[in-house]
Amino acid sequence: MSVLTEPRRGATTGELQDEIRRIARERNAVILAHNYQRPEAKTGADTIVFCGVHFMAETAAILSPQKTVLLPDLAAGCSLAATITAQQLRDWKAEHPGAVVVSYVNTSAEVKAETDYCCTSGNAVDVINAIPADREILFLPDMFLGAHVRRMTGRDNIHVWMGECHVHAGIDPDDLTRQRAEHPGAELLVHPECGCTTSVLEAISAGDLAEGDVRVLSTEGMMRRPAQSPANEFIVATEVGILYRLRRENPGKQFFAANDQASCVYMKVTTLPKVLRALERNQHRIVVAPDIADRARLAIERMVSIGGAPATVPADPGE
Ligand code: SF4
């Protein structure tokens with residue numbers, strides 16, 4: 001058992017990291033940075049310290065109910081997830097009886113529990129296509145992703161919740177057009193796994209962003225791309241946090257943020273001293289009530305089951 005200590009005043013980053021690693025080993029804990037995939041379901045650790053925002057930690061708790069999931073700072077929310085509550089969704093469903101509910105992963109556990117299928121920006125179109133064409137769909141909470149899937153699927157029976165993430169306002173397609181004029185040889189890398197770039201995704205599918213070398217990539221795809229590309233300059237459209245790793249791993253190339261202001265305050269609240277405190281004090285434990293978790297897990301599992309095999313999806317999620 002480790003001794004409870006306050007992070008030593010003036011401790012260096014390296015010292016904090018060493019201490020975090022030591023306690024994590026002692027507690028069989030894993031530290032996860034934000035990611036919408038399911039590595040948390042595969043880890044052998046007993047404790048997951050989630051360095052992301054609240055809905056992501058909830059998703060880890062839903063997928064791994066036997067593990068202890070800790071969020072170092074409860075202020076790590078998400079402005080997009082906050083645009084809809086479970087009660088608002090129930091009211092919306094009551095207005096559209098029989099509609100199928102598709103929720104982007106940026107939602108609370110309670111909202112997921114009211115959902116038929118979860119989706120990510122990467123598979124939203126596949127998820128919608130797996131639902132019979134004559135079924136009405138309620139898509140939430142991101143209006144840009146909703147407009148994108150409506151266009152890509154050609155369906156006019158998709159109702160879209162008018163939610164948005166505060167960060168994407170900083171990644172305006174007009175900014176991108178300007179940046180590309182200033183760096184004509186640059187590749188445009190778009191990372192759509194958070195609400196912050198769905199407006200860009202929507203502009204691409206609408207044809208509002210000029211053709212050119214646009215790559216829509218996952219986190220790891222984005223990390224690999226600079227080494228594979230002949231380009232020396234890249235314009236990066238996503239929350240600015242990813243630039244640090246891109247620059248560190250590709251010192252010979254240049255990276256420009258689509259907009260330096262595109263920074264998510266919620267993703268920045270987690271600091272090393274808070275991670276250390278979370279491990280030492282076993283705080284803040286994210287617990288999802290079993291009945292909510294079971295229903296939310298079903299919506300997530302339906303999404304996972306689609307992965308390229310839409311025929312496996314039940315025609316009526318209520319069945
Ligand atoms: Fe939520 Fe936007 Fe922050 Fe992503 S960038 S966590 S969508 S507020």
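What does the protein average in pLDDT, and what share of the residues score at least 70? In this predicted model, the protein averages a pLDDT of 85, and 87% of the residues score at least 70, where pLDDT is the predictor's confidence in each residue, from 0 to 100.

**How to read the legends.** Residues are numbered from 1 along each chain as its sequence is written, and side-chain values use heavy atoms, with hydrogens and water left out. As the model is predicted, local features need pLDDT of at least 70 and side-chain atom pairs count only at pLDDT 80 or more, whereas totals for chains, interfaces and linings use all residues.

View 1. The protein has 14 helices and 11 strands; helices (H or I, at least four residues) and strands (E, at least two) are DSSP runs, numbered from the N terminus. Of its 319 residues, 53% count as buried, a word that stands for under 20% relative accessible area, while exposed stands for over 50% and partly exposed for values in between (1.4 Å probe, protein chains only). Among contacts between residues at least 6 apart in sequence, 64% join residues at least 24 apart, and a contact here means heavy atoms within 4.5 Å. The pLDDT stays under 50 over residues 308-319, for which the model has 16 contacts beyond four places in sequence.

**View 2. Helices α10 and α11 packed together.** Two packed helices are described by the angle between their axes and the distance between the axes. Helix α10 (residues 219-228) and helix α11 (residues 242-249) pack at an angle of about 35°, with their axes 9 Å apart; axes are lines fitted to C-alpha atoms, for helices over the stretch in contact, and angles run from 0 to 180 degrees between N-to-C directions. On the α10 side T219, E220, M222, M223 and P226 take part, and they meet I242, R245, L246 and E249 in α11. By class, this contact of α10 with α11 has 5 nonpolar, 1 polar and 3 charged residues, where Ala, Val, Leu, Ile, Met, Phe, Trp, Tyr, Cys and Pro count as nonpolar, Asp, Glu, Lys and Arg as charged, and the others, Gly among them, as polar. The buried residues of α10 are G221, M222, M223, R225 and P226, and they pack against β8 (187-190), β9 (214-216), β10 (233-237), α11 and β11 (254-257).

**View 3. E202 and H148, between helices α9 and α7.** E202 has its place in helix α9 (residues 198-206), while H148 lies in helix α7 (residues 143-153). E202 counts as buried because its relative accessibility is 16%, and H148 is likewise buried, with a relative accessible area of 10%. Not counting residues up to four places away in sequence, E202 touches F144, A147, H148 and R151, and H148 touches V125, L201, E202 and S205.

**View 4. L138 in strand β6.** L138 is placed in strand β6, and with a relative accessible area of 0% it is buried. Leaving aside neighbours within four places in sequence, L138 is in contact with W92, K93, H96, A99, V100, V101, V102 and H159. The C-alpha atoms of L138 and N157 are separated by 8.6 Å, although these residues are 19 apart along the chain.

**View 5. Backbone details in the loops.** Most residues other than glycine have a negative phi, and most peptide bonds are trans. The peptide bond from L140 to P141 is cis, with omega near -5°, and P141 is found in the loop between β6 (137-140) and α7. The peptide bond from Q283 to H284 is also cis, with omega near -15°, and H284 lies in the loop between α13 (272-281) and α14 (290-306). N282, which lies in the loop between α13 and α14, has a positive phi of about 60° although it is not a glycine. N28, in the loop between α1 (13-26) and β1 (29-33), has a phi near 50°, a positive value in a residue other than glycine. N282 counts as partly exposed because its relative accessibility is 35%, and N28 is partly exposed, with a relative accessible area of 35%.

**View 6. Two cysteines.** The structure holds 0 disulfides, a disulfide being a pair of cysteine sulfur atoms within 2.5 Å. C51 is partly exposed, with a relative accessible area of 23%, whereas C78 is buried, with a relative accessible area of 15%.
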